[in-house]
Amino acid sequence: MESQDIFIEVDHGPTLIDNNILLSRYGLRLATEGVAVVHNLILGSTTVVGAGTDWEVDGRSQRRYTPYHIRHRTEVAGMMTILHGDNRFYNNIFVQYYPVDNNESKESPYYQVVGNHVWDEYPTYDEWIARFDMDVEKPDMDKLAVPHFDHLPIWANGNAYLMGAKAWKKETDKFVDADTEVTVELVEKDGFYELETNIYEILGDYSNGIITSDILGKAFEPEQRFEERDESDIIFNVDFYGNHRGVSTIPGPLAK
């Protein structure tokens, strides 16, 4: 297996990755769908985008079907292939901390360019739903076959992109600083680890709203909300250390 901070494979969600400090060259391997990435510091790339979910059988590529579950239970509700997408990225910090020293594609586990640009070919929700002719009484099924097999939407907002990390081209509210050098060092003091960084000085007064279950919505295939186990809302108003974020917040896992 290749090495990365978090690897999620052939899952339908809802899968939540929040308030993490991801310092490796390869950050997220997302051969999957239905993921929410919220308030993380990510120094590495997102890899195996749009790939890694099918089987090679008798020399042919075959769709790989995996189970999804009844909401908040373990019984299997059905089986489905992976269309890729249905991912949300809110209030993260992406840093091109490591130099790019190869020409691998984003489908590769060794892709090294950091940021949400790997989803540039994926639609927004409005672009995706418009293709299904929801208001047409007798839709053209041949026409609808294309979006039925195409990628699911992406959502992204309030993310910071530093040192050349690249934003999703459809993201409207973002912070970008490609020029300022970022320093990040994990330091051990008296048996505890601290993160020494200038990232929060670079961000200045940039802020975004508090993320909630209502903003994240439902994962596509299981039709389940991103919510607590008791079905109550998640409100992302505390940071990595449990500090309260207030009515608005800066990106990343630390509130200050």
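Analyst: Strand β12 (residues 87-90) and β14 run parallel and are joined by four bridges. Two strands count as paired if DSSP finds at least two bridges between them. Strands here are DSSP runs of E, at least two residues long, and helices are runs of H or I, at least four long; both are numbered from the N terminus. Phe-89 has Ala-156 of β14 as its bridge partner.

A word on the source. This is a predicted model, so local features need pLDDT of at least 70 and side-chain atom pairs count only at pLDDT 80 or more, while totals for chains, interfaces and linings use all residues. Residues are numbered from 1 along each chain as its sequence is written, and side-chain values use heavy atoms, with hydrogens and water left out.

Back to the sheet. It is open, with four strands in the order β2-β5-β12-β14, paired in parallel. β2 (15-18) and β14 (154-157) stand at the edges; each has a single partner strand, so one side of each is left without a neighbour in the sheet. From one strand to the next, the twist averages 5°. Axes for that angle are lines fitted to C-alpha atoms (for helices, over the stretch in contact), and angles run from 0 to 180 degrees between N-to-C directions.

Leu-16 has Ala-36 of β5 as its bridge partner. The loop between β1 (6-9) and β2 holds Pro-14. The peptide bond from Gly-13 to Pro-14 is cis, with omega near 0°.

Buried means under 20% relative accessible area, exposed means over 50%, and partly exposed lies in between (1.4 Å probe, protein chains only).

Next, the packing. The largest nonpolar core has 23 residues, of which Leu-28, Val-37, Phe-89, Phe-94 and Trp-119 touch the most other members. Such a core is a set of buried Ala, Val, Leu, Ile, Met, Phe, Trp, Tyr and Cys residues joined through side-chain atoms within 4.5 Å. β4 (26-31), β5 and β14 each supply at least two residues of it. Another core, of 16 residues, lies apart from this one, with Val-95, Phe-175, Ile-202 and Tyr-206 among them.

Trp-119 ties several of these parts together. Leaving aside neighbours within four places in sequence, Trp-119 is in contact with Leu-30, Thr-46, Val-49, Asn-87, Phe-89, Ile-154 and Trp-168. Contact means heavy atoms within 4.5 Å. His-117 sits in the loop between β13 (93-95) and α1 (125-130). His-117 is buried, at 12% relative accessible area. Not counting residues up to four places away in sequence, His-117 touches Tyr-111, Lys-166, Ala-167 and Trp-168.

Leu-152 lies in the loop between α2 (141-149) and β14. Leu-152 is buried, with a relative accessible area of 1%. Outside the four places on either side in sequence, Leu-152 touches Glu-33, Leu-83, His-84, Gly-85, Asp-86, Tyr-122, Pro-123, Trp-128 and Phe-220. One of these, His-84, belongs to the loop between β11 (76-80) and β12. Phi of His-84 is near 75°, a positive value in a residue other than glycine. His-84 is buried, with a relative accessible area of 6%.

Glu-231 also has a positive phi, of about 75°, although it is not a glycine. Glu-231 is placed in the loop between β21 (224-225) and β22 (248-249). Glu-231 is exposed, with a relative accessible area of 52%.

One cavity of 30 Å³ or more turns up in a search of the whole structure. Its lining is Arg-25, Leu-43, Gln-96, Tyr-97, Tyr-98, Pro-99, Gln-112 and Val-114. On a 1 Å grid over the protein atoms alone, a cavity is a set of points where a 1.4 Å probe fits but cannot get out; lining residues have an atom within 4 Å of a point. Grid points are joined across faces, edges and corners, and a volume is the space filled by probe spheres set on the points.

Terms used: 1 Å grid on protein atoms, 1.4 Å probe; cavity = no way out; pocket = protein on both sides within 12 Å on 5 of 7 lines; lining within 4 Å.
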